[in-house]
Structures are given as C-alpha cells and as structure tokens.
Amino acid sequence: MTETARALSLNTEGKESKLQCEEHQEELKLFCETDKKLICLICVTAREHKSHSFLPIKEAVESYKEQIKTSLETLTKSKSAVEKVEQQQKQKISGVREQSQNQLTYITSIFAELRQMLNEKERLFHKELREEEESVLNPMENNLRAIQEKLNSIQEKLLKLQKRMNQTNSLIFLKEETRQKRRMSDDRQVLSVTEGALAIGKFDHPFLLNKVFSVFTEVPDGIKRGKNIFVLNR
C-alpha cells in the first residue's frame, strides 16, 4: 500500500465507506490537488497545506473521471482505426493468396500436356512460387501480427480503464487513482498496411514456357515430338 493508504483507516459502516484522517481522526472530506491526497477539514489549516488547492470529494472524482473518459474516447478511436488497418491487411494477404492460387492453376494447365516428362519441372516451379509467396507474405504477416498486438494492448488498456470507471466507492476510487504512477498515455503510433504482390512476370506464359523448354532443342517448326523429347520454337 502507498503512504496515503497506510495513513487512512476504513470504516465499513454507512452507505459509503468513510476514511478517517490518522492524524486528526476526522472524516476525510477534501482532496488536496497539490499533494494528490485526501485530507480532513483540520488538515486544510495545517502549514504543510498552506497555499494548496483543494476540491470537495465529489468534484475531485468528477475531475479524474473526466480524464479517464477522455482516455477511453481516445483509445476507442485508436482501436477502431487499428481494426480498420487490420481488416485492410487481411484483405491484402487474402489477395496475395488468391493471386498465388490462380497462378498455381495456370501453371498446372501449362504442364498438363507434358505431365509425364515435366513432373519434376512442375514441382520446381511450385517450390519457387511458394518461396516467392513466402517472401512476399512474411513482411505482411509480421505487420499483421504487430497490428493485432497493438489491438490487444489497446483492449487491455480499455478494460483496465473501464474497471476503474466502474468503481462506485468515491474515496477508494480517488485513493487508487492517485496511487497510479502515471496516466495511461494515448498511443498515437501510426500503423500502416504493408503492401505486397507476387513477381508474376517470371511465371507469365512466355517466360514460363521458355524456361520450361530451355533444356530442349529448338526447331523451326515449333513444338514437335522427335527422339523422345519435346522442342520449342521461340
């Protein structure tokens, strides 16, 4: 417990728990804004509180709750913004996955007519495409994780602030609130969507066929079967 808490005793009788000043055994009725502590009416005249600013308990509670309300509003807006970025990032990732799947289908159709001889080539192209997909998605998925971590952090802060807002005991609320080392800072970190797209050029039809048949002999009449190999006229 803090020094302020140790200086107070709790009387559980009555509609609201009443804290008493340990020094004067009087009910704590004011809040010293300067020292951030609860005081009794006798404390007001003490030398240690000379020239200090005081508030009634009710006004002090309203002041602190207004601060929490502002933080809640800011964090709520931040959460909404992060959720929007999260959705955009998911859409980008989904687009890359769809793009990758479409390209795989296209590659498979190229290899259909040459299945017996080109199985190994197809496997190599699949591997290359998966590596390309991974290289594109890695930074995007890392950014999504960062977005989701930020979202979780904001959610935790919102829950903590809401819990404090739900405290119905004014004195305990002020005691706990003034005990906080610092107010939760509004996180204004700017998040953005990481762009990404596959380098489709190296899987496009002309390049793909040229690469597939680069091991074959070229003949002027186009692709022909002869001596158990296929050849490509470019």
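**Entry 1: salt bridges.** I searched the whole structure for salt bridges and got six. I keep in mind that this is a predicted model.

I looked up Lys-92 next. Its salt-bridge partner is Glu-195, with 3.3 Å between the closest N and O atoms. Lys-92 belongs to helix H2 and Glu-195 to the loop between H4 and helix H5 (205-212), so this pair ties together parts 103 residues apart in sequence. I checked the exposure of both ends. Lys-92 is partly exposed, at 35% relative accessible area. Glu-195 has 54%, and because exposed means over 50%, Glu-195 counts as exposed.

**Entry 2: Arg-97 and Glu-141.** I found a salt bridge between the side chains of Glu-141 and Arg-97, at 2.7 Å from N to O. This pair also links distant parts of the chain: Glu-141 sits in helix H3 and Arg-97 in helix H2, 44 residues apart. Glu-141 is partly exposed, with a relative accessible area of 23%. Arg-97 is partly exposed too, with 41%.

**Entry 3: a pair within one helix.** I turned to Lys-127 and Glu-131. Their side chains form a salt bridge with an N to O distance of 2.6 Å. Why do I call Lys-127 and Glu-131 about one helical turn apart? They are four residues apart in helix H3, which means a separation of about one turn. Lys-127 is partly exposed, its relative accessible area being 44%. Glu-131 is partly exposed at 41%.

**Entry 4: the cores.** I moved on to the nonpolar residues. The largest nonpolar core has 29 residues. Leu-28, Phe-31, Leu-38, Ile-57, Val-82, Phe-173 and Leu-174 touch the most other members. Which elements supply at least two residues each? I listed strand S2 (18-21), S3, S4, helix H2 (57-112), helix H3 (115-165) and helix H4 (170-179). H2 gives the most, with nine residues. I also noted a second, separate core of 13 residues, with Phe-125, Met-140, Leu-144 and Leu-198 among them.

**Entry 5: the S3 to S4 loop.** I looked for like charges on the surface. Glu-22, Glu-23, Asp-35 and Glu-48 gather there in a negative patch. Asp-35 is placed in the loop between strand S3 (30-32) and strand S4 (37-39). A patch member needs over 30% relative accessible area, so Asp-35 clears that cut-off with 34%. Asp-35 is partly exposed.

Lys-36 is in the loop between S3 and S4 as well. I checked its backbone: phi is near 55°, a positive value in a residue other than glycine. Lys-36 is partly exposed, with a relative accessible area of 41%.

**Entry 6: Ser-51.** I finished with another positive phi in a residue other than glycine, Ser-51, where the angle is near 65°. Ser-51 lies in the loop between S4 and strand S5 (54-56). Is Ser-51 buried or exposed? Its relative accessibility is 72%, so I logged Ser-51 as exposed.

Conventions: Residues are numbered from 1 along each chain as its sequence is written. This is a predicted model: local features need pLDDT of at least 70, side-chain atom pairs count only at pLDDT 80 or more; totals for chains, interfaces and linings use all residues. Side-chain values use heavy atoms; hydrogens and water are left out. Patches are made of residues with over 30% relative accessible area and no salt bridge: like charges are joined within 9 Å, nonpolar side chains (Val, Leu, Ile, Met, Phe, Trp, Tyr) within 5 Å. Accessible areas come from the Shrake-Rupley method with a 1.4 Å probe; for residues, only the protein chains shown count as cover. A salt bridge is a side-chain nitrogen of Lys or Arg within 4 Å of a carboxyl oxygen of Asp or Glu. Lys and Arg count as positive and Asp and Glu as negative; His and the chain ends are not counted. The place of a charge is taken as NZ of Lys, CZ of Arg, CG of Asp or CD of Glu. Buried means under 20% relative accessible area, exposed over 50%, partly exposed in between (1.4 Å probe, protein chains only). A nonpolar core is a set of buried Ala, Val, Leu, Ile, Met, Phe, Trp, Tyr and Cys residues joined through side-chain atoms within 4.5 Å.
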